[in-house]
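Work through the exercises below with the sequence and the model open. Each task is followed by a solution in steps.

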Amino acid sequence: MNLRDRTALVTGGAVRLGASVVRALARAGARVAVHHRRSAAEAETLCREIGAAGGIAVPVAADLADGGADAEKLIAAASAAVGPLDILVNNAAVFHKDTLDTLSRSSLEAEFRVNLFAPLMLMKAFAAQGRPGAIVNLLDRRITGLDPSAVPYELSKKALAEATRLAAVHWAPRLRVNGVAPGPALPPPGEGENYLREKAGPIPLGRPCQPDQIAEAVLYLLAADSVTGQVLYVDGGQHLVL
């Protein structure tokens, strides 16, 4: 897939890793619908930045906390903003520390609604366009291990990894569906760079990955016409030891 003049929707695209993916797509020549929930100001700023550089990016608002009940409306809004969609990047996610002892039904459902149900419904609505295209789901290096400190998050991402493979088979050959599983790349809001070095755990390559490197992996999977059903780890090898 040549990304120039393609159209894309990036969920959670206004800030952090999502914004890196949006910038990378815009640099490649794609027109991008930048989904946000509460980050309207950040989305507007990012779209102005891309427009000033000669690209096209348009903010679209939607709340995915309902599990993607309005997925068709979001796909329609994105299509109205940048044209019928060729690309879907499911990046939006929520993360909370919750163990088996502390989790509740409501906390479990809250993470699954955003991290699993919404991407599933968006993939379904994207596929219903009847167009060829490509999907990349943002996962997490935790899908190969066990993190007892973040049980709902880990379970939802493991389930999304399986959904990625199922979708790759179900919608082939019209759609390609892949995943990127990043390691720690950005500190939590309010924390500095030292946080990653101190809290990330062992990384075989000795350094945290960078948001731009994760975005490059997304672009590779979008452009690789013979690749589907794959999960690409961008974590410095961390999934091998944790």
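**Exercise 1: the sheet**

Val-10 has Val-34 in strand 2 as its bridge partner. The model is predicted: local features need pLDDT of at least 70 and side-chain atom pairs pLDDT 80 or more, while totals for chains, interfaces and linings use all residues. Residues are numbered from 1 along each chain as its sequence is written, and side-chain values use heavy atoms, without hydrogens and water.

Task: In what order do the seven strands of the open sheet lie, and which are the edge strands?

Solution. 
- Step 1. Strands (E, at least two residues) and helices (H or I, at least four) are DSSP runs numbered from the N terminus. Two strands pair if DSSP finds at least two bridges between them.
- Step 2. Strand 1 (residues 7-10) pairs with strand 2 (residues 31-36) in the parallel sense, over four bridges.
- Step 3. The order of the open sheet is 3-2-1-4-5-6-7, with parallel pairing. Strand 3 (56-61) and strand 7 (231-234) are the edge strands, each pairing on one side only. From one strand to the next, the twist averages 20°.

**Exercise 2: helices on the sheet**

Solution. 
- Step 1. Contact means heavy atoms within 4.5 Å. Axes are lines fitted to C-alpha atoms, for helices over the stretch in contact, and angles run from 0 to 180 degrees between N-to-C directions.
- Step 2. Helix 2 (residues 40-52) packs on the sheet and touches strand 2 and strand 3, its direction making about 165° with that of strand 3.
- Step 3. Helix 7 (residues 211-223) lies across strand 4 (87-90), strand 5 (133-138), strand 6 (175-182) and strand 7, at about 160° to strand 6.

**Exercise 3: an aromatic pair**

Task: Why is the pair of Phe-95 and Tyr-153 classed as edge-to-face?

Solution. 
- Step 1. Rings of Phe, Tyr and Trp (its six-membered ring) pair if their centres lie within 6.5 Å; planes under 30 degrees apart are stacked, over 60 edge-to-face, the rest tilted.
- Step 2. The ring centres of Phe-95 and Tyr-153 are 4.8 Å apart and the planes are at 85°, so the pair is edge-to-face.
- Step 3. Phe-95 is in the loop between strand 4 and helix 4 (105-127), and Tyr-153, 58 residues apart from it, is in helix 5 (residues 151-170).
- Step 4. Buried means under 20% relative accessible area, exposed over 50%, partly exposed in between (1.4 Å probe, protein chains only). Tyr-153 is buried at 7%, and Phe-95 is partly exposed at 36%.
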